[in-house]
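Try each task before reading its solution.

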Protein chains: 2
Amino acid sequence: MSRKRWRSVKEIRIADVARLAGVSTATVSRVLANRGAVTAKTYEVVMEAVHRSGYTPNSVARNLRTRRTMTVLVVVPNLANPVFAQILRGIDDELTQSGYGLVIGNLDNCLEREARYVDLALSRQVDGILLMTGRVPGDDKRHMGDAGLPMVAMCATIGDSRIPNVVVQDREASRAAVQHLVELGHRRLGYVAGPIGNVIEAERFAGFLEGLEDAGLGKQNFVRWEGRFVFSAGVAAAESFLRAKNRPTGIFASCDESAIGFLKTVQAAGLRVPDDVSIVGFDGIEFADYTEPTLTTFQQPLHLLGQRGSAVLLKLMRGEMTSADWSTRLPLTLLARGTTGKAPHARRRSGVA
Amino acid sequence: MSRKRWRSVKEIRIADVARLAGVSTATVSRVLANRGAVTAKTYEVVMEAVHRSGYTPNSVARNLRTRRTMTVLVVVPNLANPVFAQILRGIDDELTQSGYGLVIGNLDNCLEREARYVDLALSRQVDGILLMTGRVPGDDKRHMGDAGLPMVAMCATIGDSRIPNVVVQDREASRAAVQHLVELGHRRLGYVAGPIGNVIEAERFAGFLEGLEDAGLGKQNFVRWEGRFVFSAGVAAAESFLRAKNRPTGIFASCDESAIGFLKTVQAAGLRVPDDVSIVGFDGIEFADYTEPTLTTFQQPLHLLGQRGSAVLLKLMRGEMTSADWSTRLPLTLLARGTTGKAPHARRRSGVA
DNA sequence: ATCGACTTTGTAATCGATTACATCTTTTGA
DNA sequence: TCAAAAGATGTAATCGATTACAAAGTCGAT
């Protein structure tokens, strides 16, 4: 049993540096903050003392006094989803530039864990919040908004118009996905859903329905399989699809993971993609480029999304919001690739097959 | 331009609660910490006041006074790699149980960014460090060890025997990978490397060489392609492989991403896997289960790794280390799946092909 | 030499909790 | 019944920085 004491060497405080330099703590603080006037000579002497002593300011003390932590909390639904890793990169780039750090709050797909991070915010450990989890109306759990901190929603929010949001155009893209399938001749579609109660899912499904309406298709022209934003949801949907008597020919999955799960499962069952069935995913994860055939999907501007979200939060924290900042909606890009092709009957008609 | 002031409502301090309850701040503190004796009545009154006022303690002040933040820094080489998301889950589970929080330091594959997190540690914002990045000898950049905090290395470290480590048996597994290929009749192997200077990579390559030696194979029996832990490295290696005159028949990639990149590229070139070439990956990421054929790989005990690493750090912080805690080496599991099969010549000889 | 304006530096209050110690109250036991 | 012990509560110091304000120093103009 070893009982080594950490930092047994006495900590160096600003007072120690001051003594070493023969000045007051106020002067040391001014030198280090580069604020207030100091003669070149004093500057030199203080810096020398700082280096000799190896002093690093205690930010806990600083944070207490300044009432700021220069840290932003980013609440992420599920870190294992590569989409968020990309967004985080954009956020980090932007925040770092302004001298802010970030703390990641991973919910691991379990909304209850949000409470933990509400506490973090309430206890003054962060200056602002980037929220990537949506909430459904009527949800009265403890809320990030309760912390009374500057906050930006980076996912579709229902209600709460007083929170600025920076989102991608989920609805428009889903609508375009349907259009893409319809243009290829598909008249019977399948929808692989995300988690129930998820706001992003709600947006994507709404867009899907709008797309159907655009094409003059009704309820009888599609099947919806419940799921989540994971591979296995696509597998389950595909199994259900395979058992169906009147199979759709065009599938829209609300995320790439489930699209790939679907793809692999129908292929394993002997179906050809896109000859027998076309599949469109959503997100544009790197892996979608490594399936066979490559997945047709909508590419999210992830890095940009992260940057913009952070930029708005920074403005909010500095009280520099303009009316244009309250809502930002970024477009997605259709990557029309290998998993979508003409519908079987359309191909027959045009003599391709 | 809106200039809303955040928290314009006066903050509630412990003194406010004390006044409301008609007791001293010491008593409020004792009630909230559940430490020291208080009568049931006082407890009631204080709790009532806490709830009425909606008080949440300011942890910055608490951290200053107690000289602890109950937070651990986890330095991760690259968050986009799903391997780390899994490990983080294990870490989070373990730390949360002991009342600790975690801050993720993402290096984004750029070792220079470590300095940022060294600062975080030096400025007393965390109580301990879990380090998942390795260092090569002779590297004299500013070092996490400089912070003088309790630290556990969760990757192969060279030297620095005073830092406890919790790692997977990279070397043994790589050795077993070669054995697996050799048993299938492969006599000429290819090695898709990870980043130069990476300690984990070094371990895996060392194991690869050991495996060759076990089989009585020498330098002339393998090709090594430099790479990184990303898809594109596998693609590049495969392109090089395709151009070679005397192609290896068994490939070992030091991570699943590059293995999959390799797989897709040789398949695109018309080769059959595993008939023409066998591939073994490393890590056991979820996606390795979704390739066609499914990737043969070594499964890392990621969640366990995270848990064990955290458990050791907790002991270290509490001064409860036993000699067994200084080094933990977890075994990997071979998932012998679709991408490995008998070597072409072996198949001919045994009349399979 | 004196005054005012400006620059530089120091003194001490402050941020909001925890906690050692002192004080007061209650209980225990002879 | 009273001293001693145990229990409950309060007072004030403390953690280590920042910063308002005061004080001292510098300089040029009169």
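Helices (H or I, at least four residues) and strands (E, at least two) are DSSP runs, numbered from the N terminus. This is a predicted model, in which local features need pLDDT of at least 70, side-chain atom pairs count only at pLDDT 80 or more, and totals for chains, interfaces and linings use all residues. Residues are numbered from 1 along each chain as its sequence is written, chains are lettered from A in the order in which they are written, and side-chain values use heavy atoms, with hydrogens and water left out.

**Exercise 1. The ends and surroundings of a helix**

Examine helix 8 of chain B: find its span, its cap, its buried residues and what covers them.

Step 1. The expected span of a helix is 1.5 Å times one less than its number of residues. Helix 8 of chain B (residues 199-214) has 16 residues and should therefore span 22 Å; its end C-alpha atoms are 23 Å apart, which agrees.

Step 2. At the N-terminal end, B:N198 is the cap, with a side-chain oxygen 2.7 Å from the backbone nitrogen of B:I200. A polar contact is a pair of N or O atoms within 3.5 Å; within protein, one must be able to donate a hydrogen and the other to accept it, and residues adjacent in sequence count only if both atoms are side-chain atoms.

Step 3. Just after helix 8 of chain B comes B:G216, with a positive phi of about 70 degrees.

Step 4. Buried means under 20% relative accessible area, exposed over 50%, and partly exposed in between (1.4 Å probe, protein chains only). Among the buried residues of helix 8 of chain B are B:V199, B:I200, B:F205, B:F208 and B:L212. Their cover includes helix 7 (170-183), strand 6 (189-192), strand 7 (222-225) and strand 8 (250-253) of chain B, where contact means heavy atoms within 4.5 Å.

**Exercise 2. Two helix pairs**

How do helices 2 and 3 of chain A pack, and how do helices 1 and 2 of chain B pack?

Step 1. Axes are lines fitted to C-alpha atoms, for helices over the stretch in contact, and angles run from 0 to 180 degrees between N-to-C directions. Angles under 35 degrees count as roughly parallel, over 145 as roughly antiparallel, 65 to 115 as roughly perpendicular and the rest as oblique.

Step 2. In chain A, helix 2 (residues 25-33) and helix 3 (residues 40-53) have axes 10 Å apart and an angle of about 90 degrees. Helix 2 and helix 3 of chain A are therefore roughly perpendicular. The contact includes A:V28 and A:L32 of helix 2 of chain A and A:Y43 and A:M47 of helix 3 of chain A.

Step 3. In chain B, the angle between helix 1 (residues 14-21) and helix 2 (residues 25-33) is about 100 degrees, with axes 8 Å apart. Helix 1 and helix 2 of chain B are therefore also roughly perpendicular. Here B:I14, B:A15, B:V17 and B:A18 of helix 1 of chain B meet B:T25, B:V28 and B:S29 of helix 2 of chain B.

**Exercise 3. Backbone details**

Step 1. The bond is the one from B:V273 to B:P274, with omega near 10 degrees.

Step 2. B:P274 is in the loop between helix 10 (256-268) and strand 9 (278-280) of chain B.
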